Amino acid sequence: MTQIQKDDIILKAALEINPEYLYSIKQGTLGLTFYIEVKTRTEAKTAREEFPMIYEGLRTIILYTNDKNLETN
């Protein structure tokens with residue numbers, strides 16, 4: 001996958017789902033993986049509802065910080 005193709009997938013996710021998340025595509029143990037980084041566990045739950053397990057042919061992984069001080073309920 002070219003960098004332009006990766007950028008297109010990231011742009012599509014930001015425009016169609018949520019521009020506040022941080023997106024990246026990296027090589028994982030099962031091939032190219034789409035990483036979505038959020039700030040809190042609550043946001044991670046929301047992101048998991050918004051994103052399928054496979055997005056644009058890439059496995060999706062939701063990452064969040066475990067810092068209780070950042071949690072905003």
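These legends go with an overall view and several close-ups of one predicted model. Residue numbers count from 1 along each chain as its sequence is written, and side-chain values use heavy atoms, leaving out hydrogens and water. Because the model is predicted, local features need pLDDT of at least 70 and side-chain atom pairs count only at pLDDT 80 or more, while totals for chains, interfaces and linings use all residues.

**View 1. The whole chain, for orientation.**
Start with the layout: two helices and four strands, running α-β-β-α-β-β from the N terminus on. The radius of gyration is 12 Å, close to the 11 Å that the globule rule gives for 73 residues, so the chain is as compact as a globular protein of that length. Helices here are DSSP runs of H or I with at least four residues, strands are runs of E with at least two, and both are numbered from the N terminus. The radius is taken over C-alpha atoms, and the globule rule is 2.2 Å times the number of residues to the power 0.38. Along its principal axes, the C-alpha trace spans about 40 × 25 × 20 Å.

About 5200 Å² of the chain is accessible surface, and carbon and sulfur atoms own 52% of that (Shrake-Rupley method, 1.4 Å probe; for residues, only the protein chains shown count as cover). Of the 73 residues, 33% count as buried, where buried means under 20% relative accessible area, exposed means over 50%, and partly exposed is in between (1.4 Å probe, protein chains only). There are 9 positive and 11 negative charges, and their mean positions sit 7 Å apart. Lys and Arg count as positive, Asp and Glu as negative, with His and the chain ends not counted; each charge is placed at NZ of Lys, CZ of Arg, CG of Asp or CD of Glu. As for contacts (heavy atoms within 4.5 Å), 53% of those with a separation of 6 or more join residues 24 or more positions apart.

**View 2. Thr-33 and its neighbours.**
Thr-33 belongs to strand S2, residues 31–38. Its relative accessible area is 4%, so Thr-33 is buried. Leaving aside residues up to four places away in sequence, Thr-33 touches Ser-24, Ile-25, Lys-26, Gly-28, Arg-59 and Ile-61. Look also for the backbone oxygen of Gly-31, which lies 3.1 Å from a polar atom of the Thr-33 side chain.

**View 3. The loop between S3 and S4.**
Glu-56 sits in the loop that links strand S3 (54–55) to strand S4 (58–64). Most residues other than glycine have a negative phi. Glu-56 has a positive one, near 55°. At a relative accessible area of 41%, Glu-56 is partly exposed. Gly-57 is in this loop between S3 and S4 too, and Gly-57 counts as exposed because its relative accessibility is 66%. Its C-alpha atom is 9.1 Å from that of Thr-33, 24 residues apart along the chain.

**View 4. Thr-29, between S1 and S2.**
Thr-29 is placed in the loop between strand S1 (22–28) and S2. With a relative accessible area of 85%, Thr-29 is exposed. Thr-29 and Thr-2 are 27 residues apart along the chain, and 19 Å separates their C-alpha atoms.

**View 5. Asn-66, after S4.**
Asn-66 lies in the segment that follows S4. Its relative accessible area of 62% makes Asn-66 exposed.

Definitions and conventions
Polar contact = N/O pair within 3.5 Å; in protein donor to acceptor, adjacent residues only side chain to side chain.
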